[in-house]
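Subject: Structure for you to look at

Hello,

Here is the structure we talked about handing over. Please open it and keep it beside this email while you read the notes below.

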Amino acid sequence: MRPNRIVYDGLWRCLCPALDRQALPETLHTHTRLQRLVRPARRNVSIISQKRLQGTASAPTTAPFADLASAPQHAPRDARVAKLNPLLAPEHPSKGVLAASSVDEIVTALYALRSPNTPLHHVDRHERIIQLVTHLVGSGRQPLRPFVYECMLDAMVDPRGSVFGIRRLLKDMETNSIKLSESMCKSILAALMVHPDYVLRQEILETMQEFWYSHDIQSKQSIILGLLRDGQYELAYTRLAQMADEGAQIDVWVYDVFILVFGQLGFLDEMLALLHQRRRIEDSDDASKSLLYFVLDVSSHKFHYIGTVMGWNCIVRNLFVRPADGIVENVLGTAARYGDTDLATECLQMISERTRLQAHHYEAVAEAFCRSGDVAGALRIFTIMSQNSIRVSRRNTRMIHQMLKDQPRRVAEAKMALEQMYRDQPVPLAVVGALIEVVAQSRGSEEAMDLYERLSVLCDELPNSSILQDLIIYSETPELTQRLMEDYVALVPEQEDSRRTQQTYELLMGACRQQENLDLAFRFARQATKVLGTASGQPIPWLKPLMLSAVAHEDGRIWSVVDELSKGGHDEVVQDVLRQTRLHRPLATEVESAKNKNGAAVEDSSM
């Protein structure tokens, strides 16, 4: 009589989808269970799992079968041995190949698949282990032993494994009274690097402590990488630092994982410390260059100066790689922020070789010169920018203005630099305007008149609206203010008035009221109304003083300003100011009658 080869066991049911369905109706759902155990839902493959796919499972220590005295106790490490075994071929072995293979050959192949030292990059270890174990157990050629569970636990390291599969295996082992071996515990810790489960990891660690299982370097690495995968970054970093201080031979790829994760999270100082340790171990491989490029990318993106300079010096200046345009832009911004003129100039040169330079490129280099204290260099950058047919505006020169404002002693250096520069090339008007603005703000407009009067010599241009407005605001004598206002009206057309803030317009209108120049005051009021926009409720500080001046001079132009503000959505503010000044618009009937009278007179004359 043919013996019954069906074992009523959870693992058996999971690994034997080819059971005779007529022998046992309960096995109809076997294949579905196998899929649930070894093929969970797809998930994102982590950096750790990608490393583990290269084969880092702990070496098996338990003999697979007691009656296999000739079974190999270690996997073949020679690639030629793996190549000669048809069970380790790139394509999946057929049923005929499996049936023709002996138990020794299958066990040898399983050892090879589990060993990290076997070069089997062309083989899907996860699928092949499951296929061989399924055939070995499902064919009834051998009973269930710890070796089978060791193989399946190693398969769970793959991203297609799961914590659910590990727990199912542990439950089946408990049912069959199979205790956890040291090799099993280490395989589970390796799997938990990819599929984090804090509770299960603690249970395994307690089991290892209870049975006095040793922790080798591989298990310690599995633990710290599991902590990293759990998001316990500080604890994982502390454990890794302790291992390094103790002189442990940590695998290079572990450093790679930490460097990549910390770089993505923004822990750049810790990332650089680990990179230095990694380079002391191995610095000549291709992975080292890739990591340095990654460090350059994330450091420049976060404006981390030390990491940026390290990456740039190691791989760009050594001509290992040519960084992408976005990285060069970030490096330029980092150099500007930290005043590294050499790095900024090098980036500008690299960008110019790839594309046309824009205004913000020159601004960044000028900012680097300003932060390094080189005033002449910053001014020279804007002269080069103007020579390349890029207009230098007031907005581009804000870093020079800020530097001279913070360090007034450098104003004299800037004047000397301008005197030397204009002989070779006219200086951009906005550059001299920034210097005039700083001098006027700090010392008064009288001190800036020497630069103002030499604008046609230095820049070969007439003063623009911004320069004249700044001089009017900071003028301290009525005579100079009146002269500047006359120059403003004569030199600046109304359509060329620059857009300023409401506070600036308030100061300009105040100066005009003091000089009783309401024509220029209403001109600034019209510009301020356009700049104000339609944001209702915004304060209008210049409106009430202008109304009072208009009342005092009986100037009806104030009503056109009021109408424009009301149309722009500021009627509530306007009505509030009208109530405060007790100003009332002339009656509409009087205005209409006046218009009618004027119209009738014109009509009579035409007749």
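In this predicted model, the side chain of R201 makes a polar contact with the side chain of D230, at 2.3 Å. R201 belongs to helix α11, which covers residues 198-210. Is R201 buried or exposed? Its relative accessibility is 1%, and since buried means under 20%, R201 counts as buried.

D230 is one of several contacts of R201. If neighbours within four places in sequence are set aside, R201 is in contact with L189, L192, G226, L227, D230 and Q232.

Next, please look at helix α32, residues 558-567. Which of its residues are buried? They are I558, W559, V561, V562 and L565. Viewed down the axis of α32, these buried residues fall within an arc of 155°, so they line one face of the helix. The elements that cover them include α30 (518-532), α31 (543-552) and α33 (571-581). After α32 comes G569, which has a positive phi, near 90°.

Last, the cysteines. How many disulfides are there? The count comes to zero. C370 has a relative accessible area of 7%, so C370 is buried. C512 is at 0% relative accessibility and therefore counts as buried too.

Regards

Note on methods: Residues are numbered from 1 along each chain as its sequence is written. This is a predicted model: local features need pLDDT of at least 70, side-chain atom pairs count only at pLDDT 80 or more; totals for chains, interfaces and linings use all residues. Side-chain values use heavy atoms; hydrogens and water are left out. Buried means under 20% relative accessible area, exposed over 50%, partly exposed in between (1.4 Å probe, protein chains only). Helices (H or I, at least four residues) and strands (E, at least two) are DSSP runs, numbered from the N terminus. The arc is that of the directions from the helix axis to the C-beta atoms. Contact means heavy atoms within 4.5 Å. A polar contact is a pair of N or O atoms within 3.5 Å; within protein, one must be able to donate a hydrogen and the other to accept it, and residues adjacent in sequence count only if both atoms are side-chain atoms. A disulfide is a pair of cysteine sulfur atoms within 2.5 Å.
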